[in-house]
Amino acid sequence: MRSNAIGSAAEPTRRRVRAATEAEKVTEAFLRDVRARAPARLPIFRSNLQGELLARLLLGPEREMSMLDLAVMLRVDLASVMREVERLARADLLTFRRTLAGRLVVRNTESPLYEPLTRLLMLTFGPAAVVAEEFGRLSSMNAVYLFGPWAARYEGTPGDQPTDVEVLVVGNVPRTIAHDAAQEAAARLGLPVHPVVRTPTQWQDDTDPFLREIRAGPLTKLHPP
């Protein structure tokens with residue numbers, strides 16, 4: 001009985017030691033190579049590539065990806081992606097699975113840093129940042145919003161990570177131009193991006209049931225900031 005009591009009392013200490021060890025491994029992996037310039041959005045990452053890569057793997061539905069798929073999505077060379085993935089795998093943020101076609105990488109949801117890191121990535125490299133960047137270039141555009149599930153996540157509403165990104169564009173923007181921007185954002189995010197375009201007059205019209213539904217739900221303004 002005394003042995004069991006001692007073991008139970010020691011278990012919280014063991015968990016704290018394991019968590020500290022995990023955090024030390026992540027810190028070591030992040031600091032091992034600091035030659036690349038840190039991204040302005042969140043300079044705790046060693047490079048913009050590291051932040052973008054983590055965001056693509058940790059945000060959205062869980063998915064396995066090959067190194068080549070990541071390189072194409074991030075528009076960088078394959079060698080750079082492989083080095084970054086291996087560094088993050090050493091920190092236990094990502095895990096590998098070997099297949100006949102090669103190694104596939106996926107997020108490690110068992111990492112104690114998974115949830116807080118996912119929140120940081122959503123705020124800095126997530127759909128809001130990418131959509132604001134791609135749609136913010138459009139001329140004759142008054143405002144851009146996220147609506148739907150992703151807007152809810154940015155407001156802090158808990159839930160699964162959405163599979164689609166819903167965007168409202170207010171301005172005199174041709175739909176073809178808005179869809180081109182959506183395709184660019186989708187390619188970067190690895191998620192479908194669905195734009196809804198309305199003129200300023202239409203946006204002010206309170207009789208449109210679809211727009212009234214958008215206004216009644218979560219709405220995250222991206223542009224102008």
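Predicted model: local features only at pLDDT ≥ 70, side-chain atom pairs only at ≥ 80, totals over all residues.
The secondary structure of the chain consists of 10 helices and seven strands. Of the 225 residues in the chain, 44% are buried, and the accessible surface amounts to about 12200 Å², with carbon and sulfur atoms contributing 55% of that area. When contacts between residues at least 6 apart in sequence are considered, 66% of them join residues at least 24 apart.

Two packed helices are described by the angle between their axes and the distance between the axes. Helix α3, spanning residues 67–74, and helix α4, spanning residues 78–90, have axes that come within 9 Å and cross at roughly 115°, and the two helices are therefore roughly perpendicular to each other. The crossing in which α3 passes α4 is right-handed. On the side of α3 the contact is formed by Met 67, Leu 68, Leu 70 and Ala 71, and on the side of α4 by Leu 78, Val 81, Met 82 and Val 85. The residues of this contact comprise eight nonpolar ones, with no polar and no charged residues.

Leu 53 is located in helix α2, which covers residues 48–58, and is buried, with a relative accessible area of 0%. Apart from its neighbours within four places in sequence, Leu 53 is in contact with Leu 74, Val 81, Glu 84, Val 85, Leu 88 and Leu 94. Among these residues, Val 85 lies 32 residues from Leu 53 along the chain, and the C-alpha atoms of the two are separated by 8.1 Å. Val 81 and Val 85 also belong to the contact between α3 and α4.

Definitions and conventions
Residues numbered from 1 in each chain as written. Heavy atoms only, no water. Axes fitted to C-alpha atoms, helices over the stretch in contact; angles between N-to-C directions. Helix = DSSP H or I, 4+ residues; strand = E, 2+ residues; numbered from the N terminus. Parallel < 35°, antiparallel > 145°, perpendicular 65-115°, else oblique. Left-handed = near helix turned anticlockwise from the far one by under 90°. Contact = heavy atoms within 4.5 Å. Nonpolar A, V, L, I, M, F, W, Y, C, P; charged D, E, K, R; others polar. Buried < 20%, exposed > 50% of the residue type's maximum accessible area, 1.4 Å probe, protein only. Areas by Shrake-Rupley, 256 points an atom, 1.4 Å probe, with all protein chains shown as cover.
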